Amino acid sequence: MANALDTLHIHGIRVDFSKSKTNIESAEVRIGESHSPIELKREEPEGRSLRHTFSPPKVFSRDELFSLHMRHKSHFLRTKHHKDVTFDTDEIFRAYGTRQREYIKWYKKIRIVVDFSENTLTKQAASSGQSSGLLTTTSDIFERCPQFRILVIGKTGVGKSSLIDHVFGVGERTVSKTIVEHDKPGEAYIDDEFTSRENDRFVLHDSKGFEPGEEKNLKIVQDFIERRKNMPDLKDQLHAVWLCIQIPRAGGRLLETGTEDFLKSKLEGTLGNVPVIVVLTKYDILVDRVERTLNEASLDGLSEKAIKELVKKNAETEVQSTCIGPLEEFTGSGIPHATISTAKGYTETLTGLIQKTETCVNLHLEPDAAVMTSVAQRVHPGLKIKALIKIGKQRYWNALMSCPTFKNNQMKDCLRVLHNDIVDVWNFRDPHKYLRSQQFRDLMMTMVNNIQAETTTTTVTFGSSMSGPIVSMLGSLSGPAAPIVVPIAAAAVFVAQWVYEVYQISDVVLQRLMAYIMHLTLVLQTLFFVSKSRELTRRAIKLAVNSYLASPIKEEVLTRIQDYVQGLAILAHADKDILDKIEEMMQFYEMDAAQVAELEAKIPDVDLLPDEPW
């Protein structure tokens, strides 16, 4: 029997656009991959609401995709457009679990209402006093702070669009359109919240830079930060400011008067605790210029590697003299800074920026804001693992062997909540929810069927062990597209009986829980490099799973866990030690900025379309 919070019954869905200028002509609701779209009907002939009632009520699973496709016509151009709204299933189940009769979602000024129908299973659970289910730790964090909120300041052409695209993985074309449209002189658009369907875990506020002799925008920015500072809820407060300045030529001025005044207000404390980071952009242009102006005679006898190192050294010297020196002379050590480029080969500069941002947020704001910094970004896998450790310590990892909420739950339900926490932190572009699908869960559960290590290899780093398998797998895809076969997929069709057993204290249960956490984390770290912020396909996921299975890391993880558990004296009192061991293993496979850049450089871009079945 399914857990009470695995499924719910939907009585109907209603779309009310009476407060919107948009005239919705038609709408379709889509639930799950295997079901056809269901069209909503207009409630009244000339009314501004659409509805569909399910009879009998529709059974909806937590793993299914739930979306709404709306079509409307432009009032001026008479052209047809569409809006796609994807529902957060965790939010729906959270509303259902608190006995609300409906879930309400606002899309701009369109009100979408999902009506619940209480099912028999929920009634039985309530009457027996049974727990309402296992809720993810991330759902609590997302309720308090659902998005990382950032203000990006910079003149047109400084590289804001490209920066946001690369760090948050949303598509430069979309970001560029947003910033260009809202960078008009004389207009204050800083209060507008820009979000992206490709990554809904961050909110962007945009402001043009500070022009010489122009004080209006400085006041707008200062007032905006002041208002956000005084908001009571963390979700509404500003979490970071990136002040983007293009690296000037030698002798050029770095800081305009308005920029200096803004930095002064930060140093004087009037902007509050929000971290302000100066981002020096387009470092690659400086490197190219330095390379072109090298004295050719000085290069005689130097290897290509030595020439690159010389160019890098000279470029860093110029950045120090033209940017960092003047900046620190003006601000002292009070304003952090980062030199970046979004050009190919400069990934390490972006990972350095987001790592510095997370450090500042963690230092000055509430812990949830730092977690959301890591969740929102899509450039630094090491920060994902750091956030996972923080989340694990808050609830489930902290008591794997004495978890009161696991008591009386089947193993599959315990694994489900661990799985969802990990997937939430990685925050892939996964509109079809493949990572939450039962097929992927079955693959992962099958991976921990056997908890006995077959080999005892020793790995130096994640990058050194994974580059070979990933490159090999991708190389095999360069020819005619053939379906990727996952060796454990056949076994996943028949999930082992242990997943239906009730959680209990034993060394086998502990090994499986630890192995699942580690295997899923490292499979997703592999997927991070395979997907490269693109929309996930089942083909990409299968490639990541196969690469991980082909690497020595899987067996090494099992060996580490096996040796650890066998050395434990009393399982029931080992929670703190178990948590420390998971953290130790996570940190061992965590990658720093240099390792990320090195592995990314080795992995070629491969088209992972067309998609294929599991």
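Start by selecting phenylalanine 440. Leaving aside neighbours within four places in sequence, phenylalanine 440 is in contact with His419, Tyr434, Leu435, Leu520, Val523, Leu524, Ile541, Val545 and Trp614. The model on screen is predicted.

Phe440 is among the residues that touch the most other members of the largest nonpolar core, along with Trp242, Trp397, Phe406, Met514 and Leu524. This core has 118 residues. Colour helix α17, residues 507-531: this helix gives the core its largest share, 16 residues. A second, separate core has 37 residues, including Ile190, Val241, Tyr283 and Val287. As background, nonpolar side chains in soluble globular proteins tend to be buried together.

Zoom out to the whole chain. The protein has 21 helices and 15 strands. Of its 614 residues, 55% are buried. Take the contacts between residues at least 6 apart in sequence: 77% of them join residues at least 24 apart. The accessible surface comes to about 27800 Å², and carbon and sulfur atoms account for 50% of that surface.

Now go to asparagine 199, in strand β12 (residues 199-207). Is asparagine 199 buried or exposed? Its relative accessible area is 1%, so asparagine 199 is buried. Show its side chain and look for two partners. The side chain of asparagine 199 reaches the backbone oxygen of alanine 376 at 2.9 Å, and makes a polar contact with the side chain of asparagine 427 at 3.0 Å. Not counting residues up to four places away in sequence, asparagine 199 touches Phe168, Val170, Ala376, Arg378 and Asn427.

Follow that polar contact across to asparagine 427. Asparagine 427 sits in the loop between α13 (411-426) and α14 (438-447). Although asparagine 427 is not a glycine, its phi is positive, about 50°. Asparagine 427 counts as buried because its relative accessibility is 8%, under the 20% cut-off.

Stay in the loop between α13 and α14 and select lysine 433. Lysine 433 is not a glycine either, yet has a positive phi of about 55°. At 14% relative accessibility, lysine 433 counts as buried.

Finish with two peptide bonds. Then select leucine 609 and proline 610: the peptide bond from leucine 609 to proline 610 is cis, with omega near 0°. Proline 610 is in the segment after α21 (593-602).

Technical notes: Residues numbered from 1 in each chain as written. Predicted model: local features only at pLDDT ≥ 70, side-chain atom pairs only at ≥ 80, totals over all residues. Heavy atoms only, no water. Helix = DSSP H or I, 4+ residues; strand = E, 2+ residues; numbered from the N terminus. Buried < 20%, exposed > 50% of the residue type's maximum accessible area, 1.4 Å probe, protein only. Polar contact = N/O pair within 3.5 Å; in protein donor to acceptor, adjacent residues only side chain to side chain. Contact = heavy atoms within 4.5 Å. Areas by Shrake-Rupley, 256 points an atom, 1.4 Å probe, with all protein chains shown as cover. Core = buried A, V, L, I, M, F, W, Y, C linked by side-chain atoms within 4.5 Å.
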